[in-house]
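Me: I am new to this structure and would like to learn how to read it. Please show it to me, and then we can go through some features.

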Amino acid sequence: MEDGSQSSLMDVAEMWIQFGKMFAIIFPIYVLGYFEFSFSWVLIGLAVLFYWRKNYGSQDYRINRALAFLEQEEKTTKQTVPTTELPPWVHYPDVERVEWLNKTVKQMWPFICQFVDKLFRETIEPAVKAANPYLDSFCFTKIDMGDKPLRVNGVKVYTENVDKRQVIMDLQVSFVGNTEIDMDIKKFYCRAGIKSIQLHGTMRVVMEPLLGDMPLVGALSLFFLRKPLLDVNWTGLTNMLDIPGVNGLCDNIIQDIICSFVVLPNRINIPLVGEAQLAQLRFPVPKGVLRVHFIEAQDLLGKDKFLGGLIKGKSDPYGVLQVGTQLFQTKVLHETVKPKWNEVYEVLIYDHSGQNVEIELFDEDTDKDDFLGSLVMDLAELQKEQRVDEWFVLQDVTTGKLHLKLEWLSLLPSPEKLDQALTSSKADRGRVTDGLSSALLIVFLDSARNLPSGKKVTSLPSPLVQFTVGRESFESKTRYKTSEPVWEEAFTFLIHDPRSQELEVEVRDEKHECSLGTLMLPLSRLLEANDMTLNQGFPLKTSGPSSTLKMKMALRVLLLDKNAASASDSDSIPASLIELRSSSSNPVPEPPISSGSPSASAQDVLNRWGEASEPLRSPGRSTPNLAGGKEPTPSIASDVSNPYAAQELQTRLQQLQNGSGTGHLPLGEIQLTVRHSSQRNKLIVVVHSCRNLIAFTDHGSDPYVRLYLLPDKRRSGRRKTRTFRKNLNPVYDHTSEFTVSLVELHRRTLDVAVKNGGGLLSKHKGLLGKVLLDLTHDDITKGWTQWYELSGDGLTKPFQL
């Protein structure tokens, strides 16, 4: 009856369609007659209709027949082919085809086979041999995975109701391979093998945790959701496993073995990031805190001048402290060369290996601040000493020293040591302008869930989080248009007294400028927590009913190592501290002057320094490389005014040798200090002195030093010292600076040329020797002081003291 009613409805519908077609044809004719148009318009319309049917009607007919054929073919295919043999993307619209992945696996298949071969021979074979003494002669004689790669028939990616820090994929895998694996137990002349394998199943791949740093994924987890379908074709002795009744039992045993490894709840975990690195990325904890007491300085240079430089005044000094990217600046003290700052800075140290503490002093001026000296110290040495309270001689200047007190504070998860830390910080508070810290708070902002929509109910919020402890405040990045944001950001706070301070947290909507929730957490709660750490979701106040903010927080007590501090306070100075001080002291220290003895000459000071500099060199520092990392750059410091200066020098050397063969005649040495300041983007070169120069005339030489930073050949890039008359051992102590970044410095070469000056009309101008310095050395930021042997081409090794 239902079929009859449907057919009658179809007949009625078809009748109305025919009526509509006839009406569409007759109605235009009626309209033409009603308005008294000519009958020729009807003929023109019929002609157009017949023309269209002749040219396009057959084409539409063929297309309709093709579409009908395809529809009928799809119905026939679905009826004849079992639904279990169709790929999943046929039935499920959210499952995608991944032919690109199959093409990639096909290209990688030979290398995958090599990996499987190594896995069998290096892992499985030794494990079988060690399992039983009767199997000590077991080995794989052939491992061939075949030329038919694994195929992925469909992929489904889950994006709803999953954690924001993971990606879950289901892969419909199928492997029908002409695999050949032969095994042999030589002791029992037993041979067995596998001829082919078929495997079908759904493999789940979980990528978690997702990271904000490379390689973006912390680990991979692989497992089958249920038992895969397995069919193994055995050969050799194991061929009897294909006997009916036995093969099913054997396949079930093998499937149980596979299930014990790769079927849920068992899984294969592939870590892409080590546990220590993953923990550091997810929760970065500093190695320590360096407390720097910037106390005072003495004997600074007076840079202020009056009456056109006739009268020297004092300076307006201030200091700049830099550790990595952290930069601090002291206040400016006016009209003094003996400033007393009494300021303290607490610097977070995340990785002390290879890092330095860089301190530079400047004189504040209206146009450009003058340089008053610098100091570089190794953080690794500071950590060993734990506490240093010394006067340090400033580098790169002739006079000046700086009084610093440095303390390396360790991070301790011990609440019982908080009283000791508070007592220590209060004891030194009188020497500094601000109160010292007794603890460090580390906050890792993970994510939030179920945040409210803010002012407009229909729109999603753009949340950010603001953290406040006392007067210190930090803001997270904004996550746009989401109620479940993921931040994964870390913040650190220096805490004065965790017993009375608290952490204020506010989640705000940046777009609508409204609050989405608040949280007040007393830091005393962390003192009572296990390991002084909390890792949980915190409910938000004045927010949605189930709005939570997931955070991990840790409190660490800042304390100086008591044993190291007592050793540092003793009268004896540790050897490492001497090395630290020597590596950061002025290359031309003031000579010790005893009562009743005359002052030592500058040349004697340099000679004594040169004899003592090598034993005091830090053991971790290597000598700078001379033109060893790149092709030698021709010296132009001597060729700008005279292109044949090098040839003239060789001729003069031959004259000095009086034709006595090809023996080497030394040209003397030059002492240089080279250092790069990352904060100022300056290459600082100090020309200290020269010794044992050759005599250019019978009256000696008039030497001066000219410097270029190649390949800059402009005259504006030239640096030059003053000229000494008739002196073969001049002392310059001249500082030159080149504006260049550390990255660009690796492509530069320092050209140092010692030249003979003479008068304006003198004919005795020429080259006395030169040195080419390669600046690609790792210690360029620390700096070094070295004697270098002069030569005609500059390509010599540093002078060995």
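Reply: Start with burial: buried means under 20% relative accessible area, exposed over 50%, and partly exposed in between, using a 1.4 Å probe and protein chains only. C139 counts as buried, because its relative accessibility is 14%. The model is predicted, so local features need pLDDT of at least 70 and side-chain atom pairs count only at pLDDT 80 or more, while totals for chains, interfaces and linings use all residues. Residues are numbered from 1 along each chain as its sequence is written, and side-chain values use heavy atoms, with hydrogens and water left out.

Me: Is C113 buried or exposed?

Reply: C113 is buried, at a relative accessible area of 18%.

Me: How many disulfides does the structure hold?

Reply: A disulfide is a pair of cysteine sulfur atoms within 2.5 Å. The structure holds zero of them.

Me: Where is the place of I185?

Reply: Helices (H or I, at least four residues) and strands (E, at least two) are DSSP runs, numbered from the N terminus. I185 belongs to strand β4, residues 180-185. With a relative accessibility of 15%, I185 is buried.

Me: Which residues is I185 in contact with, leaving aside its neighbours within four places in sequence?

Reply: Contact means heavy atoms within 4.5 Å. By that rule, and with those neighbours left aside, I185 touches Y134, L135, S137, F138 and C190. S137 lies 48 residues from I185 along the chain, yet their C-alpha atoms are separated by 5.3 Å.

Me: How many bridges join strand β15 to β16?

Reply: Two strands pair if DSSP finds at least two bridges between them. Strand β15 (residues 356-363) is joined to β16 by eight bridges, and the two run antiparallel. F362 stands opposite F371 in β16.

Me: Why is β16 largely enclosed by the rest of the structure?

Reply: Strand β16 (residues 370-378) is largely enclosed because eight of its nine residues are buried.

Me: Which strands form an open sheet, and in what order?

Reply: In a regular strand the side chains alternate between the two faces of the sheet. Here four strands form an open sheet in the order β31-β28-β27-β34, with antiparallel pairing. β31 (731-739) and β34 (784-789) stand at the edges with a single partner strand each, so one side of each has no neighbour in the sheet. Axes are lines fitted to C-alpha atoms, for helices over the stretch in contact, and angles run from 0 to 180 degrees between N-to-C directions. With direction ignored, neighbouring strands of this sheet are turned by 25° against each other on average. Strands β27 (residues 669-677) and β28 (residues 682-691) pair over nine bridges, and R675 has I684 in β28 as its bridge partner.
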